[in-house]
Amino acid sequence: MSVTSRSIAARDVDSVLHPYTNLAALQEHGPMVMDRAEGIHMWDSQGNKFIEGLAGLWCTSLGYGNEELATAAYDQMKKLSYSHMFIGKSHEVGILLAEKIKQIVPMEASKVFFGCSGSDANDTQVKLMWYYNNAIGRPKKKKIISRIKAYHGISLAATSLTGLPAVHAYFDVPLSDRFLHTDVPYYYRYAEPGETEEEFSTRLANNLEKMILDQDPDTVAAFIAEPVMGAGGVLVPPIGYFEKIQAVLNKYDIMFIADEVITGLGRTGNPFGSQTFNIKPDTMSLAKALTSAYQPLSAVVIPEKMYAAIAETSAEVGTFAHGYTFSGHPVAAAVGLKALEIYEREKIFEKVAALSPHFQRCLQSFADHPLVGEARGVGMIGAVELVASKSTKKEFEPLGRAGQYCLARCQANGLLVRAIGDVLAFCPPLIVSDDEVGEIFDRFGRSLDETLDWATREGLVSN
Ligand SMILES: Cc1ncc(COP(=O)(O)O)c(C=O)c1O
């Protein structure tokens, strides 16, 4: 008996606990069951075709159905489907991938630790910071400063770093007072009247310094940041922000952890977001585009001084007691290696740099729309923030209702994007063409106008 899409949707509701979903609403409306994908397009189980405007969850940079990536996985599965990296075991694809990552990251890179997700990479970052500071005789230096609206994942340490209320509510996190959150660099919402971007950046850097001094600099180990905040609403740092922040960190010997899980590998128009925003990272987290989401894989890159201290201490303990069954999984490593080869061979990062001005122009064409408070972005990532009043920046009430309506219109018009509250986010696969960028924003424009009609009918706009 064939399984109809209707019955499969009903069975989903019966059996799946969905991540990041309003579960009560899901019970009422059911899931959107996806069926297949090719290039930048996806089809659901009803046969509807969509452009994937968010690259899945900011990750499918090389699009779908890539034969080379599939073959790399298949070949590796046949040759060596699994071998771990515990107790000094290794394998060629893992070694080659670590070497390649070391070559391309814009930092002094000594070693690469593999995991399976952005969350576990950031948990590893926290554990390494603690281990390292214990190893070098600074047992007090343990606090990690993150930012309000940051997204660093949902495993226990990562979720403590994340600065979004919904991620903390009911979960009893942050775990301890070792996790602090400083200001979000959200110029549109939090700049004071007349404050320039540069002045805003200075104020935030001063606030950070004050937080460090209040806490005692000897207790602060690291600062973690996404070069562009993704899940917090696609927040592009204001002018001078990271330079000023990094100057404060350097003053107090505080390390910079670059969370390049979204921005790594081309997204901002450079190989890494750190290059776009003049960040000098001490350590780095990578995931998502590392395999273009064909396999779960993350990487933490650390400098020699950390490695040397950790290695010495591991001898004293008898082992470096951290690692996952799937750390450096050979199939994921083979796919990662192939993805990096494709980025390089196809000059994907250069193509992104060339296409970005068109992408950003399309995005900015919505800046004057009556529903749009701000259109913002860099490279091939961007967002449009919907507001109830353009002149006062008043938000919709309840927050997220207009975003959900617009998202539904986008889907009806064949475009998959993401609504973060009332912010619509765009992050298409990096293989998108010039014309396809135009098509994404045409569909969005139609959806936005339909949202305006609805909001006007409902009496929600007050310009
Ligand atoms: C910047 C950043 N860091 C970490 C994560 C967590 O990654 P994962 O969902 O793979 O655990 C995400 C996920 O979106 C992210 O955007």
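Reader: Into which domains is the chain divided?

Author: This is a predicted model. Its chain is divided into domain 1 (32-65 + 347-457) and domain 2 (68-345).

Reader: How many residues of domain 1 are in contact with domain 2?

Author: The C-alpha centres of the two domains lie 27 Å apart. On the domain 2 side, 24 residues take part in the contact, and on the domain 1 side the number is 27 residues.

Reader: How do the residues of the side of domain 1 that touches domain 2 divide into nonpolar, polar and charged?

Author: Elements that each supply at least two residues of this side include α15 (348-364) and β11 (372-378). By class, the side has three charged, nine polar and 15 nonpolar residues.

Reader: Why do the buried residues of α10 line one face of the helix?

Author: The buried residues of α10 are F200, S201, L204, A205, L208 and I212. An α-helix has 3.6 residues a turn, so residues three or four places apart point the same way. Seen down the axis of α10, the buried residues line one face because they fall within an arc of 135°.

Reader: Which residues are exposed on the other side of α10?

Author: The buried residues of α10 are covered by elements including β6 (179-182) and α11 (241-251). On the other side of the helix, the exposed residues are K210, L213 and D214.

Reader: Which helix gives the largest share of the shell around the ligand?

Author: There are 15 residues around the ligand, and S117, G118, S119, G153 and V261 come nearest. The largest share of the shell, three residues, comes from helix α6 (residues 118-135).

Methods
Residues are numbered from 1 along each chain as its sequence is written. This is a predicted model: local features need pLDDT of at least 70, side-chain atom pairs count only at pLDDT 80 or more; totals for chains, interfaces and linings use all residues. A residue is buried if 20 or more other C-beta atoms lie within 10 Å of its own, exposed if 12 or fewer, and partly exposed in between; C-beta atoms are placed from the backbone. Helices (H or I, at least four residues) and strands (E, at least two) are DSSP runs, numbered from the N terminus. The arc is that of the directions from the helix axis to the C-beta atoms. Two residues are in contact if their C-beta atoms, placed from the backbone, lie within 7 Å. A residue is near a molecule or strand if its C-beta atom, placed from the backbone, lies within 6 Å of it. Domain bounds come from an automatic or database domain assignment. Ala, Val, Leu, Ile, Met, Phe, Trp, Tyr, Cys and Pro count as nonpolar, Asp, Glu, Lys and Arg as charged, and the others, Gly among them, as polar.
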